[in-house]
2 protein chains.
Amino acid sequence: MNSFIIKGDIAYSKNKDELVTVGDGYLVCRDGICQGIYEDVADLPDLPVVDHSGKLVLPGMIDLHIHAPQYAFRGTHMDEELMDWLNDYTFKEEAKYADLEYASAAYQMFADGLKRSATTRACVFGTIHREATELLMDKLAKTGLVAFVGKVNQDRNSPEELDEKSAEHSMEETELWLKETAGKYENVKPIITPRFIPTCSDELMEGLGSLAREHGLGVQSHLSENPNEIQLVLDLVPDIEFYGQGYEKHGMLGPKSIMAHCIYSAEEERMLLKESGTYVAHCPSSNLNLRSGMAQIRKYLNSGIKIGLGSDVAGGESESIFGEIANAIRVSKMIQRYHDADAKALTFSEAFWLATASGGSFFGSVGKFEPGFEFDAIVIDDAKQPCPQELSIADRVERSVYLAMDRYAIIDKYVKGYSLSSAFTPSAII
Amino acid sequence: MNSFIIKGDIAYSKNKDELVTVGDGYLVCRDGICQGIYEDVADLPDLPVVDHSGKLVLPGMIDLHIHAPQYAFRGTHMDEELMDWLNDYTFKEEAKYADLEYASAAYQMFADGLKRSATTRACVFGTIHREATELLMDKLAKTGLVAFVGKVNQDRNSPEELDEKSAEHSMEETELWLKETAGKYENVKPIITPRFIPTCSDELMEGLGSLAREHGLGVQSHLSENPNEIQLVLDLVPDIEFYGQGYEKHGMLGPKSIMAHCIYSAEEERMLLKESGTYVAHCPSSNLNLRSGMAQIRKYLNSGIKIGLGSDVAGGESESIFGEIANAIRVSKMIQRYHDADAKALTFSEAFWLATASGGSFFGSVGKFEPGFEFDAIVIDDAKQPCPQELSIADRVERSVYLAMDRYAIIDKYVKGYSLSSAFTPSAII
């Protein structure tokens, strides 16, 4: 089942500057683990060959930040800024997930959408609702995708329906959730998910930090996204000098943790992220849409901070990581044009690496077609956009991303070596 | 043939602030001219009804700036800035259009792509090659789309293959082109197209300005796109104080003219554009991709300058005007965030108006579903992106744009009342 060879035009990022391309190559998968790319048919192990000649074979995309309940209103209400957008639309939508019937319908659409996207692994926010979050985990488990999923915590500054009222109650629900889902899924795991400091009391944050350590879990949250949000955090937590310390003081940073956005992280906060090994989820579409700002990714890369991309649905309008690649490059170009001429814009190669190998490292050996890596791949029929001339494989990869081929040209997808082809039958393709 | 009624969920921009929406409405077309929207079936004229119930019926998109020969390499080579991008890729590609066999294959792909896009009318650059440009006009005429097409002029600072060598030769070719295409097409018309001042001598510009007046033609060109380009223009034309004067002095500005980009137009240039009635083609995707900059569209709107959107393929990666709507909003949000807090970001309503009624006015009474307007429309099956809740029609329009439904959910399209449905059969849809 998960041992085979794919023949096709293969590409992946060896590092941020090097996109490896092999035309008419053989990508070997054994027991869900990549065995590397073979160029000569004579060297191949004795495994069945899936012929995708002429198609692009790329690593699956990694989404380090996406809100499942916001999928329901993606692409709407984009005229508002973060805090208004949260209060006017987002919180109201998330409140609906108390209703398991609604949650079931909406999360099924989310799971279906993610399954037929280019994404193979994601870090997912649910809502405060324990049962709905468990439903979300069930549905994601059935897709075959790999995901960390968080029951969201919030015990202050939240609308009535999303306020867990006390740190104690929020902790109880979280512990129960962890107990109920422990070891339940092969591919779907819990991650501690305080929404962000404005909605989480110090007591709750302290409890969640302890819980994460106790269970060996990571933490996902938001950091330095919007100037108003940052001011609110500094007002709420008077003993910190900058926002990131609000997570650090509860032991929430580290190599299993992801902080989304980090647009306004100054030198000290960047150093904290770097030294703790925390991942930054760069979400350029969301940051543009919610007019949050433009993160200085070149500076972060130069500091050696670990970075991946995040769709941040529904601040980002869709689950397309291809779209994030294009927007990450665009944002970096505007940073270079207007803010810092020395901050070289991201190359396509660098942005593709962020979306695959760099973000993938959060999940272990993921995001490259090298021996020992878990086998996640997408197959793209890029001839769906005709071209009057021969293109290099590197050009075809860039073109498939800029022309949003994840929306209409994926013909197969593999996670840990298992095909998700049922999502790409003609009737399943939107 | 072009008299009928469409039933569906109808929306259009009455003005920049008002998106009119009519659910289950009847849009009446007689002899290719819109007769308005009817809400009551009892009032309908006796015409056949095309039932698109539940689908969105929107005005066709207007693309005020697109380069047909660059379609062949759209979505590639995005790592370079304007002047390098022109020299390293664009000019080399355009040189190929001396070969009519290549031009025929490539322009057929362009015509097919534009036909199945959301665009109904476009202002199109060809290359310097007269015969290839005529081929392009032939192919566009066969699509049913409406277009202004320009044979490009350049007689200096151009690579050997794209240098027409003298103003005299460039003029001769242009006059011959005008003669050969005069009155030949119902929907495709010529427009005078000096590439931009760096590649056009004063003598050529003067000749082209006279030719435009003589034939009552408009002019399309580029203005104030990139700081290096602007400096080059001021060096080349010492008697002008700002770039726009380089067109004005040859009588090239006016209500039939379009200047693409205008990112760095200062107060005086803006006033010149406003007073001359010249259209600005705002091309946000291209301006981001080529790191040209972010045009201050709010300032332009406040000045009363006429503005539409342009895809600027292949600076813009695709022909999608839906993509330009989203990026126009994003750029305006970053202008507000970083450059001018008083420059209110574009609303969705405003950007949709730019793409339809505002740009459409360049073509006459185009871009609205009001009596007397030419009947251009697209029909979108937005249920292809499922949603667990009822959405307003306005939300559905916003969602269809942000979720790039022009790439996979258009099911029919009308230009001057004629259906282009052959582009949207299952086999034609990419």
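Colleague: In this predicted model, which residues is B:Asp376 in contact with, leaving aside its neighbours within four places in sequence?

Modeller: The place of B:Asp376 is in the loop between α12 (348-360) and β15 (377-380) of chain B. Once the neighbours within four places in sequence are left aside, the residues in contact with B:Asp376 are B:Leu58, B:Pro59, B:Gly60, B:Thr120, B:Arg121, B:Val366, B:Phe369, B:Tyr414, B:Val415 and B:Lys416.

Colleague: Is B:Asp376 buried or exposed?

Modeller: A residue counts as buried when its relative accessible area is under 20%. For B:Asp376 the relative accessible area is 5%, and therefore this residue is buried.

Colleague: With the side chain of which residue does the side chain of B:Asp376 make a polar contact?

Modeller: A polar contact needs a pair of N or O atoms within 3.5 Å. At 2.5 Å, the side chain of B:Asp376 makes such a contact with the side chain of B:Arg121.

Colleague: How many salt bridges are there between chain A and chain B?

Modeller: The two chains bury an area of about 5,100 Å² between them, and 56 residues of chain A are in contact with 56 residues of chain B. A salt bridge joins A:Glu317 and B:Arg330, whose closest N and O atoms are 2.9 Å apart. Between chain A and chain B, the count of salt bridges is four.

Colleague: Which element gives the most to the side of chain A that touches chain B?

Modeller: Across this interface, 34 residue pairs are in polar contact. The elements giving two or more residues to the chain A side are α2 (100-115), α9 (284-289), α11 (321-339) and α13 (393-402) of chain A. With eight residues, the element that gives the most is α11(A).

Definitions and conventions. Residues numbered from 1 in each chain as written. Chains lettered and ligands numbered in written order. Predicted model: local features only at pLDDT ≥ 70, side-chain atom pairs only at ≥ 80, totals over all residues. Heavy atoms only, no water. Contact = heavy atoms within 4.5 Å. Buried area = accessible area lost by both parts, 1.4 Å probe. Salt bridge = Lys/Arg side-chain N within 4 Å of Asp/Glu carboxyl O. Polar contact = N/O pair within 3.5 Å; in protein donor to acceptor, adjacent residues only side chain to side chain. Helix = DSSP H or I, 4+ residues; strand = E, 2+ residues; numbered from the N terminus. Buried < 20%, exposed > 50% of the residue type's maximum accessible area, 1.4 Å probe, protein only.
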